[in-house]
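Open the model in your viewer and keep the selection tool at hand. We will go stop by stop.

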Amino acid sequence: MIEIKNFTFTYRESTEPVVKDINLSIPAGAFVGITGAAGSGKSTLTYAMNGIIPHCYPGDFYGSVTIDGHDTCETSLTDVSQIVGSVCQDIDSQIVTSIVEDEMLYGLENFDIPHEEIDARVEEALTDMGIADLRDRVIASLSGGQKQKVAIASILALKPKVLMLDEPTAELDPASSLQVFQLLARYAREHGTTVVVVEQKIALLSQFADMLVIVDHGTIRFCDTPSNVLAHSDELLEIGVNCPRSTTLMNRLSADGLYTGPVCRNVEEACNALLEILGGSPAPFAGFVERTSTESGAIA
Amino acid sequence: MNGFLEYVPGTSLLHRMNPVAKLLFAVLFAIMCFCTSNPIFLAAMFVFALALAASCGMMRQTLGLMKAVFVFSLILAILLIFTTPTGDRLVDLPWGYIGTGSIMAAITTILRLEAAAIPLFLTFYVTKMSDLSNSVVKVLHVPYKYAFTFASTVHFIPVFMNDMKGIMEAQTARGVEFDQGGIVNKIQLMVPLCVPLLVSSVRKTNSAAIAAEVRGFNLRTRESGYKQYPFAAHDIIALVLVIALMVAAILLH
């Protein structure tokens, strides 16, 4: 679905490239998580994948980015955005109207969705995000988290082939963050939507993503399944990416030869692995375990 | 507390009216107020405008507006008192005199500005900005670009006011004394903050433009709007009424 070949980009106002020699291939229907330290070039990478680069930010563009067979340099931003739905980092500037319902309608109207379909789509997206009761509210009166949900819902309603979200849970509490990821995973599964999420909460990413991309100083350092990436917890720490603490613990144990199983992505897996080593019964507090696994995500 | 030109939800007749009808009514009403100098007629129009405000529960906001318009029209009124020597001589001035006519002219001006401003102001408070811009595109065939520009401008006012408040609070926390002294002191302290505000607002408008474009701004046509804005009986009555008032105003001139 998305093919990036030898992509290097330098913003016009700087001399150093922000991303260097990126090669990345994302198949249709994949759930991809991108993470890395602040300023590593994650957002630039998303701009390249939703056509904002090269159409809105001028600079030196080398290599090629192809979305669903269309080269982003030769396709207009409007055409790219009919394939890729993007949720930007700055929610306030993404919102173009004053009322939640109008915000939902904006994209649907513009992309010429048949009018008889519109109401059902608005309702579905709002319900999926758990904000159906906010439909008639003035956006300025909403909290940061609610605005973020509105912004995500307004893109979900468009049902694009690719969903590109830049830190979609930055303003959300752990419960809502988990809910958003579950929803994204459902869209990937049910509609075959390709989901690309830039996110700091690595515990959530490793739980839901099929593929984890670690960006460091403008290059892709790791690009693999979450388990394979998390096996490098020491290297990740060096480049400013914190693994979930349960992963770090189990990796240490395995370095000391005390554990030989697969990499643990969350508390639940670590718990079960430890119980197996110690010869105990499976985890007794399933609910508790799930809650702490999201909390450790928030901390990590 | 609602911000400047921010929609106040409600179900009154004014809320339910067609946005285009409301806008036309308010504009024609304002023009009508400038077509006549009959103080009694203007007083009646002023009362009528207040009745409109009361009918949609907007008295508090309207009183705020009236105060602002009053200050502005008072300046004009004082100028008129000293510069229109008509009617019975009341006070002698080196360049003429203040007469009963001057006082009447001053009162007329205040009434006229107050009466003209209220319906225009109400229109923005009882109509969602998006309804207003969508309906002028659909019904009046205004190019969407202009309607969107206007709607975005109004939409960004509270966002920028919030930014300004944030910057001021941050400065206050670091010891800048915004909470001390009078308005002059406050304004002096605010001037240097205009630069960061300007930078952040240019950045915000730029990303807003991108956000609108990735959601198909360029594809939008007059037919895109999902909501329809049909004229109901009360809309036609309102337009007939304002035209009748216009005729009356010209006849009573």
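How many helices and strands does chain B have? Select chain B of this predicted model: there are 10 helices and 2 strands.

**Chain B, overall**

Along the principal axes, the C-alpha atoms of chain B fill a box of roughly 65 × 55 × 30 Å. Colour by burial next: 34% of the 253 residues of chain B count as buried. Now look at contacts in chain B between residues at least 6 apart in sequence: 75% of them join residues at least 24 apart.

**Helix 4 of chain B**

Select residues 59–83 of chain B, which are helix 4. With 25 residues at 1.5 Å a residue, this helix should span 36 Å. Its end C-alpha atoms lie 34 Å apart, which agrees.

Which residues of helix 4 of chain B are buried? Show side chains for B:Thr62, B:Met66, B:Ser73, B:Leu80 and B:Ile81.

**Chain A, overall**

Switch to chain A. It holds 14 helices and 10 strands. The radius of gyration of chain A is 20 Å, close to the 19 Å that the globule rule gives for 300 residues, so chain A is as compact as a globular protein of that length. Its C-alpha atoms fill a box of roughly 60 × 50 × 30 Å along the principal axes. Of the 300 residues in chain A, 48% count as buried. For contacts in chain A between residues at least 6 apart in sequence, 63% join residues at least 24 apart.

**Domains of chain A**

Colour chain A by domain: domain 1 is 2–83 + 160–237, domain 2 is 100–154, and domain 3 is 244–299. The C-alpha centres of domain 1 and domain 2 of chain A are 24 Å apart. Where these two touch, domain 1 of chain A gives 9 residues and domain 2 of chain A gives 7 residues. The domain 1 side has 4 nonpolar, 3 polar and 2 charged residues.

**The nonpolar cores**

Which residues have the most contacts inside the largest nonpolar core? Select A:Val32, A:Ala48, A:Met49, A:Met104, A:Ala153, A:Val196 and A:Val213; this core has 96 residues. Helix 7 (residues 144–156) of chain A gives the most to this core, with 6 residues.

Centre on A:Val213. Beyond its neighbours within four places in sequence, A:Val213 is in contact with A:Leu24, A:Val32, A:Gly33, A:Ile34, A:Ile220 and A:Cys223.

A second, separate core has 48 residues, including B:Leu23, B:Cys33, B:Leu42 and B:Met129.

**Where the chains meet**

Finish with both chains shown. The contact takes 28 residues from chain A and 27 residues from chain B. On the chain A side, the elements giving two or more residues are helix 3 (77–81), helix 4 (91–94), helix 5 (100–110) and helix 6 (115–128) of chain A. Helix 5 of chain A gives the largest share, 6 residues. By class, the chain A side divides into 12 nonpolar, 11 polar and 5 charged residues.

Key
Residues numbered from 1 in each chain as written. Chains lettered and ligands numbered in written order. Predicted model: local features only at pLDDT ≥ 70, side-chain atom pairs only at ≥ 80, totals over all residues. Helix = DSSP H or I, 4+ residues; strand = E, 2+ residues; numbered from the N terminus. Expected span 1.5 Å × (residues − 1). Buried ≥ 20, exposed ≤ 12 C-beta atoms within 10 Å, placed from the backbone. Domains from an automatic or database assignment. Nonpolar A, V, L, I, M, F, W, Y, C, P; charged D, E, K, R; others polar. Rg over C-alpha atoms; globule rule 2.2 N^0.38 Å. Core = buried A, V, L, I, M, F, W, Y, C linked by C-beta atoms within 7 Å.
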